[in-house]
Amino acid sequence: MGFDETMSQTTRTERRQVTLEEAIPFLDLVSAHRAIEEELVEALRGALREAAFVGGPEVVKFEQEFGAYCGVPYCVGVSSGTDALRFAYIAAGLRPGDEVITVPNTFIATTEAVTQAGGTIRFVDVEDGTLNMDSSRLDAVISPRTVGIVPVHLYGQPANMEAITRIAAQRGLWVIEDAAQAHGASYRGRRAGALGWMGCFSFYPGKNLGACGEAGAVVTSDEACVKRIRELREHGQEAKYFHVTEGYNGRLDALQAAFLRIKLRRLEKWNAQRRQVAAWYRAAFQNVPDVRMTSEEPGAVSSWHLFVVRVTHRDSLREYLQARGVATGLHYPLPLHLQKAYSAAGYKRGDLPVAERAATELLSLPMYPGLTESAIDRVASAIRGFYG
Ligand SMILES: *Cc1c(COP(=O)(O)O)cnc(C)c1O
């Protein structure tokens, strides 16, 4: 969600000048950091004094702590969520011609990493209620060349992993989770990221657990994958200057690891605040027929990365809210199968109708820890005002 977020931050700055008390930003990273500024600065001082910038004890400690948080034995820190996905796909042994199935309503990192790892993307449509992967359509998309499935826990809500992992097991396919929006979400008592073979996280600043820069991680119980991903992030080296393959410069910064350790201690609290915000929104829109909310997957607890509604007259509502100081986002305005980047794949409008229709209706409302009930009331009454 990088692009939209930058836009909303710009919007926020502009708004600040116009109507100080009234503007409700889409995301408020400034306040989030103000509360822990001293600790972050202390971590920076520590890094400077040790001159430890790449690798080292902070990275190892963060990997242990985040792995434990997810309930898996291993975590490998890497330089972004995109690298987490790319390295997981390579570690899964993708070969040219191998097909990987995922959803079209995700950020392009999910799919570009497949192509970059040598595979081919096939899209499956989503469920109308949750907007997550529709497992009942998988059989029709699985081909003899399919090797794996990548569910995306969109907006922080875990996909129907029971059905997806069952079908994958029956067909001999692997499952790699794109958990970039789902830090701390759970499904039937287990954490997102720990539900498949490997789970990929992004710590982009706007995520539920965000660095002060770029960062990512892969979590897994598979020791062989851990070894391979550790090689890949460090130029394919098994020991210093001994390279088993070519690899990448894809390491996690020590400073980002130190920042992430500080923030990880607050993640549960922040996620609880997001859950409260979601509950306020849900109550406020209960009797507004023009606003449809996503339905909850049984057994899933969302991390509420985003609060997305589906509305009529979306674009005019968005402008109306903008004019009243309420910043919104679109996640995502154009499904991947209709992007120019994928024109060669041969998809056309109408192929994935649920995702296509949702893209014209969805609207992401302000969502971040610390958003107040009165702010939610203002957003909700502005929306009711638009329809009333
Ligand atoms: C943010 C995000 C990514 C990419 O993570 P980066 O850290 O920006 O590389 C991948 N998938 C999804 C669903 C995301 O939201």
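In this predicted model, arginine 191 lies over the face of tyrosine 69, at 4.1 Å from the ring centre. Tyr69 also belongs to one aromatic cluster, which it forms with Phe62, Phe66, Phe201 and Phe203. A further arginine, arginine 324, lies over the face of tyrosine 320, at 3.6 Å from the ring centre.

Turning to the sheet, 7 strands form an open arrangement in the order β1-β9-β8-β5-β4-β2-β3, with mixed pairing. The edges are held by β1 (74-78) and β3 (120-123), each of which pairs on one side only, and the twist from one strand to the next averages 25°. Within this order, strand β4 (residues 146-150) and strand β5 (residues 174-178) pair in the parallel sense over 2 bridges, and isoleucine 149 stands opposite valine 175 in β5. Helix α4 (residues 57-70) packs on the sheet, where it touches β1, β8 (198-202) and β9 (216-220), and its direction makes about 130° with that of β1. Helix α6 (residues 109-116) likewise packs on the sheet, touching β2 (99-102), β3, β4 and β5, with a direction that makes about 145° with that of β3.

The structure holds 15 aromatic pairs, and one of them, formed by phenylalanine 87 and tyrosine 248, is tilted, with 5.4 Å centre to centre and 40° between the planes. This pair links distant parts of the chain, 161 residues apart, since phenylalanine 87 is in helix α5 (residues 81-91) and tyrosine 248 in the loop between β11 (242-243) and α10 (254-264). Phenylalanine 87 is buried because its relative accessible area is 0%, below the 20% cut-off, whereas tyrosine 248, at 29% relative accessibility, counts as partly exposed.

Key
Residues numbered from 1 in each chain as written. Predicted model: local features only at pLDDT ≥ 70, side-chain atom pairs only at ≥ 80, totals over all residues. Heavy atoms only, no water. Pairing = 2+ DSSP bridges. Helix = DSSP H or I, 4+ residues; strand = E, 2+ residues; numbered from the N terminus. Axes fitted to C-alpha atoms, helices over the stretch in contact; angles between N-to-C directions. Contact = heavy atoms within 4.5 Å. Phe/Tyr/Trp six-rings, centres within 6.5 Å; stacked < 30°, edge-to-face > 60°. Buried < 20%, exposed > 50% of the residue type's maximum accessible area, 1.4 Å probe, protein only. Lys NZ or Arg CZ within 6 Å of the ring centre and 35° of its normal.
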